[in-house]
Amino acid sequence: MLPIIVWIAISITSCKKLVEVVPPITSASSAIAYNTDASAISAVTGLYTNLSTGVVTGNRGISFLCGLSADEFTQYSGVASSTATTYYYLNQLVASPSTIGADFWGIYQYIYVCNSAIEGLTAATSLTPAIKQQLLGETRFMRGFYYFYLVNFFGDVPLITSSDYRINVGIARTPKAQVWDQIISDLQAARDLLSINYLDGTLVKTTTERVRPTQGAASALLSRVYLYTGVYAKAEEQASAVINNSSLYGLVPFINTSTTPATQNDVFLKNSSEAIWQIQTTIAGHNTEEANMYLLPTTGPNSNPNTVYLSPQLLASFEAGDQRRFGRNWIDSIKIGSITYFFPCKYRANNYQAVNGVFATPTEYLTALRLGEQYLIRAEARAQQGNISGAQADLNIIRTRAGLPNTTAASQSALLTTVLHERQVELFTEWGHRWLDLKRTGQVDAVMGGPSGACAVKGGTWSSYQQLYPIPAQDISYAPNLTQNLGY
Amino acid sequence: MSFIAKLSRVMKLTALILTVCAVHVMARTSGQTISYRAENVPLKQVFAEIEKQTGYLVVYNSAKVGTSKPVTINAKDEPLEKFLNTVLGSQGLQYMIAKKTILISPKEEVKKNAQGSLTPDLTPGLLPPPPNPDVTITVLNTDNQPLEGASIIIKGQNKGIATDINGRATLRGVDPNATVIISFTGYVNQEVKLSNRGINPSATSGSVVIRLTASTSELDEMQVIAYGKVSKRFNVGNVTTVKGEEIQRQPVGNVLQALEGKVPGLFVTQANGIAGGGVTVRVQGQNSINNGNDPLYVVDGMPISSQDLISLGNVLGTSGGTQYGPVSGFGSALSYINPSDIESVEVLKDAAATAIYGSRAANGAILITTKKGKAGKTKIDINVQQGWGKVTRKLDMLNTQQYLGMRHEAKMNDNAAVSATDYDINGVWDTTRYTDWQKTLIGGTSQYSNINANISGGNASVQYLVGGTWHRETSVFPGSFEDQKGSLHLSLNASSDNQKFKLQFTTSYMTDNNLLPSVDLTSSALLTEPDAPALFLPDGSLNWALNSSGNSTWNNPLRYLYVPFKNKVSNLVSGALLSYQILPGLELKSNFGYKKTSTYNFLASTVMAATKPETRSTAIRKAVYAYGTDESWNIEPQLSYIRKIGNGIFDALIGSTILQNNLDNTTLSGSGYTSDALMESPVAATTLIASGSTKTLQYKYAALYGKLNYNLENRYIVDLTARRDGSSRFGPESQFHNFGAAGAAWIFSQEQLFQRALRFLSFGKLKASYGSSGSDQIADYAYLNSYYPIAGLSNVAYQGISSIAPGGLTNPAIAWEETSKLQIGIDIGFLNDRLLIGASYSRNRSSNQLLGYNLPSITGFRSINQNLPATVQNTSWELSLNTVNIKSKSIRWTSSINFTIPNNKLVDYPGLASSSYANNYIIGKPLNLNGLFHFLGVDPSTGKYLFADINGNATSSPKSTTLLNGDRTVIITTFPKFYGGFQNSLTYKGFQLDFAFQFTKQLGPNLIYFTQIITPGQFFNGTSNQPVSILRHWQKPGDISSVQRFSAGATAGISQISNSDAYYVDASYLRLKNLSLSYELPGIWKQKAHLQGCRIYLQGQNVLTITNYKGLDPENQGNSSLPPLKVLTLGLQIGF
């Protein structure tokens, strides 16, 4: 009987071992994901892969939806009123059903990835120090980047900095100021951690591809954040840090195309020297989703994917002779019958590029941060600080490239107005700049509201509360401490 | 030395063994030899030595033998018989060898008793009457094995006695004229008058040997249960056996199809009539809301997967699993077990039967036992079967004239002109054509062939069976689609001479090459326009009916002929059971199992030949390859102990299981081939990408279990099982869990009270069990916080790095879904068990449901898997009736009926309203719910469908945002209301006729609306035809109809009607599932042909369906999947 008893005893004691499995090779557990250089790089790169198809681009992306919310686009009349984008266009978002306006609330999905990456990387002990530093910098940058949009779109938002859902489920909306503090601290940390030069997939070698955040990207975003939060000296300082790095960054002059349309714009080409941070496409044969949506086919706008063209307000805001508008650099047009549709052509490489069944290499990348904005940030920061000549100088750099004469604005208030206008025509249909500028400068009600305001022109009715997007009702019901934005 | 022999010496035997029925000594050569040298040893020692050397049992009266003289022996390799003659010759003893028992008896007594002349003449009064003799009765079975525990009752008295381990019992001072009744469970009772067996009243003792023959009662058929066998009579659990013969009477490619209508509590649905198609099996209903509901399948002790690995084309349909578990492919994994190799299938349902399987058997268990060799002459058995299959029936669809009428009326209604794309009526298609597409596309005859050959035989120590089968099924579709299977089955049983060590080894191997269409043509067969063009051009190529601008005007349904879909599977299931008897009653055994399924799938998804000519220049050829292996092994050491304690038998088992399963699945997507012909080679692709469904999974499982059974006087039975289980599918916090069950049975017919009061009752058993088992049919690694590759077919890696992202929030505490099962039942037998009735009620409650628990998106994900206290209840009333209607020498007629009333409901779901299931379930209702608008008919003024809104007002635009609210006021379920089957088996001389019906009461989609994918009158290339029943449609104001106004454009009515109660009609049916007629040739003919057996037979499956249901088939109810075929076969079975 003894061997049997021994056998039973062994069976019992080793039970735990008997049901331990090796983790799947087709996936990595979070414990392992950040413990080798390769898998940690894979996990953080996942953030960018999702960017290239997710919330920032295409027909549910920031540029498009904010452009609809603001005064940049006219929506094609054939788009059904039940289409979610119509709700953005008419400034008519509702909290429920969440399919209508939950787009940007979904950013929390990536905040989760950032938080778990920061936790995993911080705890990791076996990473190459330089790689660990760069990755930590990238994830801090990305968290700052995402919170920047969350706080702008929704106002007070729950500030979530851990991956533990049991804690996160109970977090209430955090006052904006605290969120901005977190963004600044993330971006400062990122700036200190990130590499100056662009790195390739090994995170060791440098590359010409500008598709990973660098110190320059952190400074560029930080300067924007300082501008938004009114810390003008620091905004100027950070913008200067980028502008002064002329070995990496420089404005790209327009090609003189007064007669024939430009075949390409150097500014938005991949690896353009104006680019501070770009997002690579991950779909075979694709260039940017923006090109796919905005470039109108010869048949004109349609219900999918070419649902918008440029609004009369935006077209009217260009000064005569502006090469961005009239040089067919960034705006092109197509005539259908008696109507001419103007559309953005910042991205010109058509979406699908297949030749004889083989996909062509993309020529353009979605540009998230570029030098042009930094000049405008510095101009505004300088104007705010009373540095009139400095502000004029920065503004004129942008105007000169557009083929415009130097600015005549000489007072602080005139300069601020001019900079805001310059931002409208320089940064149009990019990253919601117009929508955010209207909100942060307090002009949103004036521009959108009223019987002749942008909202009425689009066919909607403006109420001030609409400058903040609603939180999906589902989330309000699942999160015990979450409250809705006023008005919804 | 055997324990039995030892015991025989310890116990004082009072009488000698005498045989009446076999008085002559059998001098058959045993083949055994003895080598023994000894001087002056007592006979007892010699016998002991014989037992040791031969493993035979020596039975003798120690009183008689004790007085015999010691012997001196010098034997070397002496035959046993010679040895015995030498030893016994001078002692006045004789011997008899029967099987493995040597009976020793004095020579004289046999004679005297045989003569019966020694009875003294006793004069009453003069002498005191001599005491009655003590009579020893030995009860053996027909194999001369002693039967322990047989009961001996003297007729007319209530005295009874049970036999000991040697099958012996002594009646003291018994009147020789008394009649004794000997009974033993599983054997036919015998009544013996002692005096007829030579018991002499004057003798002081006597002995009688009685051989009982095995019972033919169904109650005594052995049932395979978890880790053992038990007769139906003593089974406490709810177990139904389907015998191999019943399965082999049915021409099916998958054993599960043969179980339809045979087992109470088991509901089987065939996904379609394509060879290798999916089969969904539910034992006592659906327990899990969100996870697996499949039973545990065990083949010869080795668990096999319930779902198939096949991952590409979905033409085979599912086996009920779509979203859970590591395996959820198309088709059925049980297709790879050869039905010809099956000895029996046991369906285990309640806790008493399933709890020992712990966390895997909440959904019941189906044990498949393959055939084993039997001792005896080498037997060769060849069985050849050829058959033909057809679709059971056709639907009445519009012919060209009716179709054109509908289209023109629609155009007129809409005031619409015939457009350039109205090919069906604008003259592009020849409107004088008519094609019966059902005949063309699904009207073919499929071939069914099965050739099976077995060789079996062996002796007492080794038995073997080797079998091979070739099976081929073709399709009713045009084209050379076929499923070919070759299989090999091997079974080897071996035992040591002393029967202590035993080996049982079985291997089943099958290789299956299934060439399938990538698309089921049934939908095209029904809905293609009757005037659609010819399939082929005169040159034999596909006709695309190009219009003047060179564009195809239809999607030729036969383009799939050029889209090869190949599914190759090889499946090996192998097991060895080793056992060693340490002590009598104590056995150590271990089961070793190994299983490997390898699949290869190839699907050429874009082939130029199947692409419209005008798009060929821009199309890219695409193909997918999937390679999968699913490999597992298990080791199950067990220790069992059986002994008599008190008046009962105590049977205990303790064991453990270690199981590991490794699954690898690689899916490669290729594109850019230069020719259609090269596509099966991945090398020919210009790009080859591993897709996201590529996975490597490991599953481990360990358990410790025990089972106790105590059977007191064959009257009271208690059965306890317990199991501690660990599964790698669960989080470290809850990897282990305990399961257990208690069952009890009371065989009240054994009580004298009942025996006297209810004489007509031959058997009566009440049984009840309660216990728990679990389900671990969830995905592997679900508790791990895993990062998965972000990949798609056309993805380009960001910076060349394959990026990963977290798959979701994970809960390290996820655990089993647990089902507590309560079952009570009664089994009664009348007329010597010729009429057996079984009834049981079961109530299974599944809780701890693993569901997605909603979270706000701020946590990163919208839900997390949690075990929630939601409870699903399945109750079922199961009735079965087995009768032997006629039982005579030449005729035997038996019948059986089974009937099940299932009921499923969601008992509790805390927080249902706020969960993501709020739109799918209602507390108190079944899990399968459809919320529907109430249909009010067609509006006589507009011709639109009218429905009742929530206030009961008529509306043509009912509202609902979700499935169960808004104007959806009617809630129905498509779960069956009741189901069952009945079977008859008739034998007359060499003829045998079997037929089995199956019936189900249920709801199904209404044909008239069901086939309307589009509005009647609309043209939507390839799907526009309608059933003739739409002709009674609304035509002009005032018409009362149930079919809306024809329209050439899309109408909302089509989706509204399919969401209304008009969409569901009775889909109940009664089907002659199986018919089998065979004729065994008379003996003389066989002798002349030197055959052991020769049988010709005719078999039919799905022979006749009686239903009011108007669709193609009430079972799979599809308008897009091929119904189960009607198959008729002819066969010949020859045995040598």
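Start by colouring every Phe, Tyr and Trp: across all chains, a search of the whole structure turns up 72 aromatic pairs, meaning rings (six-membered for Trp) whose centres lie within 6.5 Å. This is a predicted model, where local features need pLDDT of at least 70 and side-chain atom pairs count only at pLDDT 80 or more, while totals for chains, interfaces and linings use all residues. Residues are numbered from 1 along each chain as its sequence is written, chains are lettered from A in the order written, and side-chain values use heavy atoms, without hydrogens or water.

Now select A:F64 and A:F73. Their ring centres are 5.9 Å apart with planes at 55°, so this pair is tilted; under 30 degrees would be stacked and over 60 edge-to-face. Both A:F64 and A:F73 are buried (under 20% relative accessible area, 1.4 Å probe, protein chains only).

Next, pick A:F268 and A:W330, an edge-to-face pair with 5.6 Å between centres and 65° between planes. A:F268 sits in the loop between α13 (232-243) and β3 (275-279) of chain A, and A:W330 in the loop between α16 (323-326) and β5 (331-336) of chain A, so the pair ties together parts 62 residues apart in sequence. Helices (H or I, at least four residues) and strands (E, at least two) are DSSP runs, numbered from the N terminus. A:F268 and A:W330 are buried too.

Finally, show chain B beside chain A. Here 62 residues of chain A are in contact with 59 of chain B (heavy atoms within 4.5 Å). The area buried between chain A and chain B is about 5100 Å², with 67% from carbon and sulfur atoms; this is accessible area (1.4 Å probe) lost on being put together, summed over both parts. Helix α4 (residues 37-53) of chain A gives the largest share of its side, 9 residues.

Note on methods:
Buried area = accessible area lost by both parts, 1.4 Å probe. Buried < 20%, exposed > 50% of the residue type's maximum accessible area, 1.4 Å probe, protein only.
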